[in-house]
Amino acid sequence: IGALEITSEGLLTLDNSKLYDTMFGLESDCPSKGPGQSDEEFNISSDGKYLAIAKRRTNDDNTQKSDMAWSTDVPIYLIELSLNSSIPLDYKLISGVDWHGVNNCPVFTSDNNYLLFLSMNRPKYESDKTEIRLYNLTTGLLISLTEHIDLSFHCIEFGKCTNEYLTIYSVVLYHGVSRIFRLTVDITISSPILTNIEIM
């Protein structure tokens with residue numbers, strides 16, 4: 001991550017001495033895909049305090065796993081950024097502790113209180129159902145919003161956020177046709193729940 005500055009001539013400049021590696025030197029890539037296919041694997045909060053990335057899991061000593069080339073074990077990591085230092089404040093795994101499938105499409109809510117992402121439970125099973133998970137940045141609570149719904153979600157677009165509910169939009173292959181679904185989540189309780197889902 002680095003900061004662009006505008007010169008008096010209106011040109012953008014980048015000071016290479018102020019660049020820093022948010023991957024902590026880990027032997028894993030984010031994005032792991034090629035150009036044009038990578039924006040689904042990372043996201044930054046609107047206040048610039050957090051970066052969420054999806055990357056293939058490494059060994060405990062942060063070296064590459066021997067099966068990394070064909071592994072579907074892609075968890076989500078949350079990086080707390082320091083706006084006044086080149087050293088990130090915190091780096092933690094927030095998904096994939098109990099499941100080892102593919103996770104991607106991290107999206108922060110507009111109030112920066114929650115992180116949404118797509119998740120598969122089972123490793124090496126690319127046709128598994130994709131669920132929408134919700135992570136509370138304050139409490140650390142992680143839940144599946146769509147665990148009991150027989151639909152597989154393919155992207156997340158955040159809609160509206162109030163003190164009472166979140167609105168989420170997602171594309172679902174429904175009866176052979178890609179449809180946009182709107183999901184409403186009640187956040188007034190300690191463990192938010194999905195209260196409504198409808199086709200747009």
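Contact here means heavy atoms within 4.5 Å. Keep that cut-off handy, and remember that this is a predicted model.

**Exercise 1. Find out what K65 touches and how exposed K65 is.**

Step 1: Start with the location. K65 sits in the loop that runs between β4 (50-54) and β5 (76-80).

Step 2: Apply the contact cut-off, skipping residues up to four places away in sequence. That leaves R57, T58 and N59 as the residues K65 touches.

Step 3: Check accessibility. Buried means under 20% and exposed means over 50%, with partly exposed in between. K65 comes out at 30%, so K65 is partly exposed.

Step 4: Look at a pair separated along the chain. S28 is 37 residues from K65 in sequence, and their C-alpha atoms are 9.4 Å apart in space.

**Exercise 2. Work out the strand order and pairing of the open sheet of four strands.**

Step 1: Write down the order, which is β11-β12-β13-β14, and note that the pairing is antiparallel.

Step 2: Pick out the edges. β11 (157-161) and β14 (193-199) are the edge strands, each pairing on one side only.

Step 3: Zoom in on one pairing. β12 (residues 165-174) and β13 (residues 177-186) run antiparallel and are joined by 10 bridges.

**Exercise 3. Compare the backbone and accessibility of N112 and H175, two residues with positive phi.**

Step 1: Read off phi for N112. The angle is near 60°, a positive value in a residue other than glycine.

Step 2: Do likewise for H175, where phi is near 55°, again positive in a residue other than glycine.

Step 3: N112 is in the loop between β7 (103-108) and β8 (114-119), while H175 is in the loop between β12 and β13.

Step 4: N112 has a relative accessible area of 12%, so N112 is buried. H175 reaches 71%, so H175 counts as exposed.

**Exercise 4. How many salt bridges does a search of the whole structure find, and which residues form them?**

Step 1: Recall the idea behind the search. Side chains of opposite charge can pair when their charged atoms come close.

Step 2: Get the count. Searching the whole structure turns up two salt bridges.

Step 3: Take one of them, R133 with E131, with an N to O distance of 3.5 Å. R133 has 7% relative accessibility and so counts as buried. E131 is buried too, because its relative accessible area is 5%.

Step 4: Now take R182 with E198, where the N to O distance is 2.8 Å. This pair links distant parts of the chain, with R182 in strand β13 and E198 in strand β14, 16 residues apart.

Step 5: Finish with accessibility. R182 is at 26%, so R182 counts as partly exposed. E198 is at 30% and therefore also counts as partly exposed.

How values were computed. Residues numbered from 1 in each chain as written. Predicted model: local features only at pLDDT ≥ 70, side-chain atom pairs only at ≥ 80, totals over all residues. Heavy atoms only, no water. Pairing = 2+ DSSP bridges. Helix = DSSP H or I, 4+ residues; strand = E, 2+ residues; numbered from the N terminus. Buried < 20%, exposed > 50% of the residue type's maximum accessible area, 1.4 Å probe, protein only. Salt bridge = Lys/Arg side-chain N within 4 Å of Asp/Glu carboxyl O.
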